[in-house]
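Student: Could you show me how to read the features of a model like this one, giving the general idea before each case?

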Amino acid sequence: MKRSQINAALRQARALCAEYRFALPGWADWTLADHRAHPDQSRFLTDRQIGWDVTDFGSGDFARRGLTLLCIRNGIQGDPAERPYAEKLLIVGEDQETPFHCHKVKLEDIIVRGGGTLMVEFTRDGSLPPGPWDPRIDGRAVDPFGGPVAVTPGASITIPRGLQHRFWGKAGSGTVFAAEVSQCNDDRNDNFFLEPLGRFSTVEEDEAALLPLWNEVTR
């Protein structure tokens, strides 16, 4: 994935936050120099995978298969002294797919805060036992294997752990401005893709980085 694509995705995400008057924490503007200037806070954030995240899942086609995220708060999976919850922003383009995947540990809600309609599809293939799975939209049970379901602005969907799911923005409805609230998140170890995909992209540095992604911050 080209750095110019990442920069463009970050600009779009920040513009949407401004449009919806969603105020971002100060560290969301940090450059690598800012991380170096605040080592204790930087360590706290990166140890918990907090920060910006843009990926094309190794597809080479971000507009077709990709996702922009901002993890705002998180703990460390498996540490009982840590926060047991996480919160993210998700920016999903029209027909931009996050491919089939599931989580062993994380139970999550995805909430459409504004913009377009989020389409969610489930499959038994690659799902983890024990099942059965009980996805719900605002408490209303949905058939997980009856075809894609639409999550409209203001609605939320609960995605059970272990259930393979994918999602994308409905064509013609606009970019989806969504949030995720969940149990503690671990993007290094708790994503199980149906296809052999990479969670993080290999970056081609065709221009300077606007802001670092959380997994690019080193100490």
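Tutor: Let us begin with the naming of elements: helices (H or I, at least four residues) and strands (E, at least two) are DSSP runs, numbered from the N terminus. Residues are numbered from 1 along each chain as its sequence is written, and side-chain values use heavy atoms, with hydrogens and water left out. The model is predicted, and for that reason local features need pLDDT of at least 70 and side-chain atom pairs count only at pLDDT 80 or more, whereas totals for chains, interfaces and linings use all residues.

Student: With those names in hand, where is P130 placed, and what kind of peptide bond joins P129 and P130?

Tutor: P130 sits in the loop between β6 and β7 (136–137), and the bond joining P129 and P130 is cis, with an omega of about 20 degrees. A cis peptide bond also leads from G131 to P132, where omega is near -10 degrees, and P132 belongs to the loop between β6 and β7 as well.

Student: Which strands make up the open sheet, and in what order?

Tutor: In general, the strands of a sheet pair through backbone hydrogen bonds, either parallel or antiparallel; here two strands count as paired if DSSP finds at least two bridges between them. In this model 5 strands form an open sheet in the order β9-β6-β11-β4-β13, with antiparallel pairing. β9 (149–151) and β13 (192–193) stand at the edges with a single partner strand each, so one side of each has no neighbour in the sheet.

Student: How many bridges does β11 make with β6 and with β4?

Tutor: Strand β6, residues 118–123, pairs with β11 over 6 bridges in the antiparallel sense, and within that pairing T123 stands opposite Q164 while M119 stands opposite W168. β4 is joined to β11 by 2 bridges, also antiparallel, and H101 has H165 of β11 as its bridge partner. As for burial (buried means under 20% relative accessible area, exposed over 50%, partly exposed in between, with a 1.4 Å probe and protein chains only), β11 is mostly covered, since 5 of its 6 residues are buried.

Student: Are R21 and Q49 buried or exposed, given that they have a positive phi without being glycines?

Tutor: R21, whose phi is about 55 degrees, is in the loop between α1 and α2 (32–37), and at 78% relative accessibility R21 counts as exposed. Q49, with a phi of about 60 degrees, is in the loop between α3 (39–47) and β1, and its 9% relative accessibility makes Q49 count as buried.

Student: Which residues of the largest nonpolar core touch the most other members?

Tutor: A nonpolar core is a set of buried Ala, Val, Leu, Ile, Met, Phe, Trp, Tyr and Cys residues joined through side-chain atoms within 4.5 Å. The largest one has 23 residues, and W27, W52 and V54 touch the most other members. At least two residues of this core come from each of α1 (3–19), β1 (51–55), β2 and β3, and α1 gives the largest share, 6 residues. Apart from it lies another core of 22 residues, which includes I110, V151, V176 and A178.

Student: What is the volume of the second largest cavity, and which residues are closest to its centre?

Tutor: The second largest cavity has about 90 Å³, and among its 13 lining residues W27, H35, G51, W52 and P212 are closest to the centre.

Student: Which residues lie nearest the centre of the largest pocket?

Tutor: The largest pocket, of about 170 Å³, is lined by 14 residues, with T46, D47, Q49, D186 and R188 nearest its centre.

Key. On a 1 Å grid over the protein atoms alone, a cavity is a set of points where a 1.4 Å probe fits but cannot get out, and a pocket is an open set with protein on both sides within 12 Å along at least five of seven lines; lining residues have an atom within 4 Å of a point. Grid points are joined across faces, edges and corners, and a volume is the space filled by probe spheres set on the points.
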